[in-house]
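Dear colleague,

Please find the structure below, with its sequence. A short account of the findings follows it.

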Amino acid sequence: MLLWLMSVLPQPLADQTCLATTVYLEARSQSTVGQMAVAEVAMRRRERGQWGGTVCEVVKAPHQFALSTTSPGQEVDNLVAFQKAWDIAGKSIENWGLPVDERRFFVPHADHFATAAVAPAWSRNQHAVTIGDHKFYSIN
C-alpha cells in the first residue's frame with residue numbers, strides 16, 4: 001500500500017513518505033540519532049545523484065535500502081514508530097534544504113551503512129562510525 005501511495009503523491013510528500021518508510025524499516029528500534037543518520041545517508045545519495053534524483057528513487061534502488069529488499073507485504077504496524085520516522089524524515093529533508101555549511105550532520109560523508117552484526121565485502125578496510133546497531137561508511 002505504501003509503495004503505491006508513494007507513486008501517486010506529489011514529489012515533496014512522496015519523498016517524505018519514502019524516507020520515513022525507509023527510516024522505519026531500517027532503524028525504527030534505533031535512537032533518534034541513529035534514525036537521523038540513516039536518513040542522512042539517503043539524502044546524501046540523493047544529493048550526489050548516483051542512485052537517483054529523488055529520495056524515492058534512491059531508497060527504491062535495487063538492493064540499497066529496505067524498500068527494495070523487504071517483502072511487499074510488510075506492514076507498518078507500529079504507528080508510534082512510524083510517526084517518529086515521519087518527523088525525522090521531515091527534519092532531514094528540511095536540513096538538506098539548507099546551504100551545506102548550515103546543515104547538521106550526524107555521519108559526515110557517510111553514503112553506506114550496514115547492521116553492525118555483518119561485514120559486507122564493500123566495508124572491508126573502511127573506517128566506520130557506529131551508532132546503535134549500525135555502522136556508517138564513506139565509500140564513494
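**The disulfide and its surroundings**

Cys56 counts as buried, at 8% relative accessibility (buried means under 20% relative accessible area, exposed over 50%, partly exposed in between, with a 1.4 Å probe and protein chains only). This is a predicted model, in which local features need pLDDT of at least 70 and side-chain atom pairs count only at pLDDT 80 or more, while totals for chains, interfaces and linings use all residues. Residues are numbered from 1 along each chain as its sequence is written, and side-chain values use heavy atoms, with hydrogens and water left out.

Cys56 is joined to Cys18 by a disulfide, S to S 2.0 Å (a disulfide is a pair of cysteine sulfur atoms within 2.5 Å). The structure holds one disulfide. It links distant parts of the chain: Cys18 belongs to helix α2 and Cys56 to helix α4 (residues 55-60), 38 residues apart. Helices here are DSSP runs (H or I, at least four residues), numbered from the N terminus. Cys18 is also buried, with a relative accessible area of 0%. The torsion about the S-S bond of Cys18 and Cys56 is about 100°, so the disulfide is right-handed.

**Packing of helix α2**

Helix α2 (residues 11-27) packs against helix α3 (residues 32-48) at an angle of about 130°, with the axes 9 Å apart. Axes are lines fitted to C-alpha atoms, for helices over the stretch in contact, and angles run from 0 to 180 degrees between N-to-C directions. That makes α2 oblique to α3 (angles under 35 degrees count as roughly parallel, over 145 as roughly antiparallel, 65 to 115 as roughly perpendicular and the rest as oblique). On the α2 side the contact is made by Leu19, Val23, Glu26 and Ala27, and on the α3 side by Gln35, Val38, Ala39, Ala42 and Met43; contact means heavy atoms within 4.5 Å.

With helix α6 (residues 79-96), α2 packs at an angle of about 125°, the axes being 8 Å apart. α2 and α6 are therefore oblique to each other. Among the residues that make this contact are Leu19, Ala20 and Tyr24 of α2, and Phe82, Trp86 and Ile93 of α6.

**His63**

His63 is found in the loop between α4 and α5 (66-69). It is exposed, with a relative accessible area of 68%. Not counting residues up to four places away in sequence, His63 touches Ser68 and Thr69.

With kind regards

Notes: Helix = DSSP H or I, 4+ residues; strand = E, 2+ residues; numbered from the N terminus.
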